[in-house]
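Grab a pencil and open the viewer.

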Amino acid sequence: MEFDDYVQAGKIASRARKEGYAMIEEGLELRKLADYIEESIRKDGANIAFPVNLSINNEAAHFTPAPDTDLKFQQGDLVKLDLGAEVNGSLADTAVTKEVSTDKWTNLINASREATENAIKKVKVGALTSEIGREVEATIRRYGYNPIYNLTGHTLEKYVLHAGTSFPNYDDGSRVKLYPGMTFAIEPFATTGKGRVKGLEFGNIMLCLKEDSDESLKILRKVSRSLPFSMRDAARSLKNYDLVIKEAQKKKFLYFYPVLKENKGEMVAQTEHSIYLREDGPVITTL
Ligand SMILES: [Co+2]
């Protein structure tokens, strides 16, 4: 049953998030952590819904380590661990923030966590997405920070990670009502910055945009299905992956996700949970 698949995906994602959170420490290679978490999600019997994101400091989202990097966590890094699991197309998406070896940003982390908790308290059939957003912004402002205005939560549909409806991190005035059976992720971002992210550099995450008869691109398509995949995934399935990706780029076969960043020197914290809304209230699948 679909509900059971959402619950199962949530359970697997939650376990992976907790394990990953415990592992983040100074000196650990990002690539090793991402590979390990993705493998552990697969061992649990799910697929990854998207590559493990390890966005640091002013990066809010959409960075995953490259296949050949030796980048390591450093003292003072503010790490957003964002990951997802997929069971028969049902998705879970969850994130947590950890500061490496220091505790300068505890309030910023708490702001995003409390915003998520308060937002979830507002979730019920008939509630408006804008009411939830208003709660997110109010909570983050009480801590003296800004929400990120141009990032949102999103509905989770079968094999579609960012489906139709957005969950803003402020009151955007929208009249979209929550309905029974709705599945979505709420993900408040709190920042020391102005609350706008920009995407300029490639973050090693891609999406296939169409079909192609080329054998290598067929392989990429199979790796991706309809979900985002990483350069590490491409490297695992194709020896000459860098050439294939370049060819795919020429054919406009791929979308390249940019890393979404606040201004240099600003900090960003994120918390995220996935929800299945039943008639009698929300089931938080990734608790
Ligand atoms: Co999400």
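Is Arg 232 buried or exposed? Keep in mind that you're working with a predicted model.

**Exercise 1.** Classify Arg 232 and find its salt-bridge partner.

*Solution.* Start with the cut-off: buried means under 20% relative accessible area. Arg 232 comes in at 4%, so it counts as buried. Next, look for the partner: Asp 35 forms a salt bridge with Arg 232, with the closest N and O atoms 2.9 Å apart. Now place the two: Asp 35 sits in helix H2 and Arg 232 in helix H6, so the pair ties together parts 197 residues apart in sequence. Asp 35 itself is partly exposed, at 26%. Finally, zoom out: both belong to a salt-bridge network whose members include Glu 29, Arg 31 and Asp 233.

**Exercise 2.** Work out which residues hold the cobalt ion and what the geometry is.

*Solution.* First, list the donors: Asp 93, His 154, Glu 187 and Glu 272 coordinate the cobalt ion at 2.0 to 2.4 Å. Then check the angles among the 4 donor atoms: they run from 82 to 169 degrees, and the site is irregular.

**Exercise 3.** Compare the exposure of Glu 211 with that of Arg 221.

*Solution.* The side chains meet in a salt bridge at 3.7 Å, N to O. Glu 211 is exposed at 60%, whereas Arg 221 is partly exposed at 25%.

Note on methods:
Residues are numbered from 1 along each chain as its sequence is written. This is a predicted model: local features need pLDDT of at least 70, side-chain atom pairs count only at pLDDT 80 or more; totals for chains, interfaces and linings use all residues. Side-chain values use heavy atoms; hydrogens and water are left out. Donors are N, O and S atoms within 2.8 Å of the metal (3.2 Å for Na, K and Ca); water is not among the atoms, so sites may look incomplete. Four donors count as tetrahedral if all angles lie between 85 and 135 degrees; four count as square planar and six as octahedral if opposite donors are over 155 degrees apart and all others between 65 and 115; anything else is irregular. A salt bridge is a side-chain nitrogen of Lys or Arg within 4 Å of a carboxyl oxygen of Asp or Glu. Helices (H or I, at least four residues) and strands (E, at least two) are DSSP runs, numbered from the N terminus. Buried means under 20% relative accessible area, exposed over 50%, partly exposed in between (1.4 Å probe, protein chains only).
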